[in-house]
Amino acid sequence: YVLGRTALKLKAEGLDRILTLNDGTQITARAVLIATGANYRRLDIPSLDRFMGAGVYFVAGGMGRIVKDKDVVVAGGGNSAGQAVTYLSKYARKVILLIRSRTMEERMSDYLIQEIRRLPNVVIRLGTDILAGNGRTHLEEITVRNRSTGEQESVPLAAFFVMIGALPNTQW
């Protein structure tokens, strides 16, 4: 198998499949499995871009040790955000869930909503926009705005998990 390589072309010749890689190598096989991955949706906030991997993350799994006894924020209103909150709440001191809409029920499954509401170290903030991020070498705080009142606030954090969906990386 070939791992971590860029495929440029795939063609069929009879029962064979011929895959051409970016270095010109051609691989002939009866079956080809291509795992293209995904591109995570971003918040389109320029001040957060420089903190990708330095406080801003798109995956929560395996982060327990990093967030242990710290305050973290999850942005998103769907099931992936809800699952991240339940996972992170086992390790973090406090988990703040930021959702743009006014209800959790709009995009999240009821079982997750009920579970999140029972977690003592989770704070749910509905109707909230993220405006900016700040820090030296690592994201240290985000600025949020309440959509109803317009009130802005700085929220200190150790990690920020952006769970607003992903698009399959299938353009090739």
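This is a predicted model: local features need pLDDT of at least 70, side-chain atom pairs count only at pLDDT 80 or more; totals for chains, interfaces and linings use all residues.
Residues are numbered from 1 along each chain as its sequence is written, and side-chain values use heavy atoms, with hydrogens and water left out.

View 1. Helices (H or I, at least four residues) and strands (E, at least two) are DSSP runs numbered from the N terminus. Two packed helices are described by the angle between their axes and the distance between the axes. Here the axes of α3 and α4 come within 10 Å and cross at roughly 30 degrees; axes are lines fitted to C-alpha atoms, for helices over the stretch in contact, and angles run from 0 to 180 degrees between N-to-C directions. The two helices are therefore roughly parallel to each other (angles under 35 degrees count as roughly parallel, over 145 as roughly antiparallel, 65 to 115 as roughly perpendicular and the rest as oblique). Look for Asn-79, Gly-82, Gln-83, Val-85 and Thr-86 of α3, which meet Tyr-111, Leu-112, Glu-115 and Ile-116 of α4; contact means heavy atoms within 4.5 Å.

**View 2. Five strands line up in an open, parallel sheet.** Their order is β5-β12-β6-β7-β8, and two strands pair if DSSP finds at least two bridges between them. At the edges stand β5 (56-57) and β8 (122-125), each with a single partner strand, so one side of each has no neighbour in the sheet. Between β5 and β12 there are 2 bridges, and Tyr-57 stands opposite Phe-161 in β12. Helix α3 packs on this sheet, touching β6, β7, β8 and β12, and its direction makes about 165 degrees with that of β6.

**View 3. The largest nonpolar core has 23 residues.** Such a core is a set of buried Ala, Val, Leu, Ile, Met, Phe, Trp, Tyr and Cys residues joined through side-chain atoms within 4.5 Å; buried means under 20% relative accessible area, exposed over 50%, and partly exposed in between (1.4 Å probe, protein chains only). Val-72, Val-74, Leu-88, Val-95, Leu-97 and Phe-161 have the most contacts inside this core. At least two residues each come from β6 (71-75), α3 (79-88), β7 (94-98), α4 (110-118) and β12 (159-162), with α3 giving the most, 4 residues. Another core, of 17 residues, lies apart from it and includes Phe-58, Ile-130, Leu-139 and Ile-142.

**View 4. Three strands form an open, antiparallel sheet in the order β1-β2-β3.** Its edges are β1 (7-13) and β3 (26-29), each with a single partner strand, so one side of each is left without a neighbour in the sheet. The twist averages 20 degrees from one strand to the next. Strand β2 (residues 16-21) is joined to β3 by 4 bridges, and Arg-17 stands opposite Ala-29 in β3.

**View 5. Asp-44 has a positive phi of about 60 degrees although it is not a glycine.** Find Asp-44 in the loop between β4 (38-40) and α1 (46-49), where this residue is exposed, with a relative accessible area of 71%. Asp-69 also has a positive phi of about 60 degrees without being a glycine. Asp-69 sits in the loop between α2 (64-67) and β6 and is exposed, with a relative accessible area of 53%.
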